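Hello,

Here is the structure you asked about. Please open it and follow along with the notes below.

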Amino acid sequence: MTDVDRQTQLAREHRERQEERAKKPPSSRRNTILGAGLGVVVVAGGIIAATTLLGGGGGDDPGGQAAATPSASGSAPAPAVDPGVTAPADPATITCSYRKDDSDSPAKKVGMPPTKPDLKAKFMTIDTNQGKIVIELATAAAPCTVNSFEFLAKKNYFDNTRCHRLATVETTGLGMLQCGDPLAKGDGKSKDDGTGGPGYLFGDENLGGIPYTRGTVAMAQGAEDANSNGSQFWISFSDENTQLASAGAAYTPFGVVKEGMDVVDKIAKGGIIPFNGDPMADVRGEGSNAPKLPVIIKNVTVTK
C-alpha cells in the first residue's frame, strides 16, 4: 500500500466534515485571492500565530490580521456550496465544478478544465532548473484538483514559471516552497507575487485526508477564502506545517513527494531573499520571501 493509499482512507473518514465546512458561507474575498495562510513569529522562546499570506501580494494589515474586505473589483464571494465534487462516493459519477475568477487578479487564461476528471492519473513530475520532483497523486481523494493540474500541464501553463515563495522555519515557523503563480517574478520585490492564477477557481477536497507533514503537496488559497483554489501549490519540507491544521487552516492536500525531496531541501538550504530586505514582511502579509536559489519550472507532466 502506498503512502497516498494509506491516507486516502483518512480522506473518506473526513469527507463528512469537509462537506459540512463547504456549506458555510466563506468570508469576503480578499484582494489577494491565492496564497493566504498561517505564519508564526518566534518570540521569547515560544511561537505566536499570525494570519498572513501563504504566498505574497498585499491586502493584509501590517498587524498581521487578515483583511476581510472585498476585492477592488467588487466581485461576488465564492458560492456557499462548492465542494468541487458531486456524488464523490461513486467515482464513475464524479463531476468537477470550475468557475470563473471574477476578482481581477492577474491571470494566464488557458480555458477551463473538463468536468469529468481522469481518475487514472498517478504521478505529476515537475522538471525545474534545480532538479526533478515527482509527486504521487491522491487522485481518488482529490480528483478535481488533479484534473486541474493535468489540464494545465497539457496547456504548458507552468512552463518557464518561477516558484515565488520560500517559507522557512527560522523566519515564519513554516517550511514550504510555493509555486504555481504563472506571472510571479520570484525576486523578493514584487508585491504581486502570489496573486496570479488560471482565471478560474474550484473547491476544496480531501481536507484532513493527508497531514501537512514533510513531503505533502497542497493547494494555496486565502485562509478565509474556502473553495477558491487556482493553480498555486506548496511543497512541505517540514513537519512544522502540521500546525496549519491545528489552527483551523484548510488547504487541499493532493499528493506526496516520492522523488526529489533532496531538490526541495537544496532550495531550502539556499536561503531566502527577504521581501524588500525585511524577512518579517512575509509574516505580516506584505509580500513573499523568495528562494535565493532561483527555481524555474521548465515543464510539468501528469502520467498514469
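Glu 286 counts as partly exposed because its relative accessibility is 29%; partly exposed lies between buried (under 20% relative accessible area) and exposed (over 50%), using a 1.4 Å probe and protein chains only. This is a predicted model, where local features need pLDDT of at least 70, side-chain atom pairs count only at pLDDT 80 or more, and totals for chains, interfaces and linings use all residues. Residues are numbered from 1 along each chain as its sequence is written, and side-chain values use heavy atoms, with hydrogens and water left out.

Glu 286 sits in the loop between α6 (280-284) and β16 (290-291). Helices (H or I, at least four residues) and strands (E, at least two) are DSSP runs, numbered from the N terminus.

Now Ser 231. Ser 231 lies in the loop between β12 (216-219) and β13 (233-236). Ser 231 counts as buried because its relative accessibility is 0%. Its side chain makes a polar contact with the side chain of Tyr 157 at 2.8 Å. The side chain of Ser 231 also reaches the backbone oxygen of Gly 180 at 2.7 Å.

Last, helix α2. Helix α2 covers residues 143-154. In α2, 11 of the 12 residues are buried, among them Phe 149 and Leu 152.

Best wishes

Definitions and conventions:
A polar contact is a pair of N or O atoms within 3.5 Å; within protein, one must be able to donate a hydrogen and the other to accept it, and residues adjacent in sequence count only if both atoms are side-chain atoms. The expected span of a helix is 1.5 Å times one less than its number of residues.
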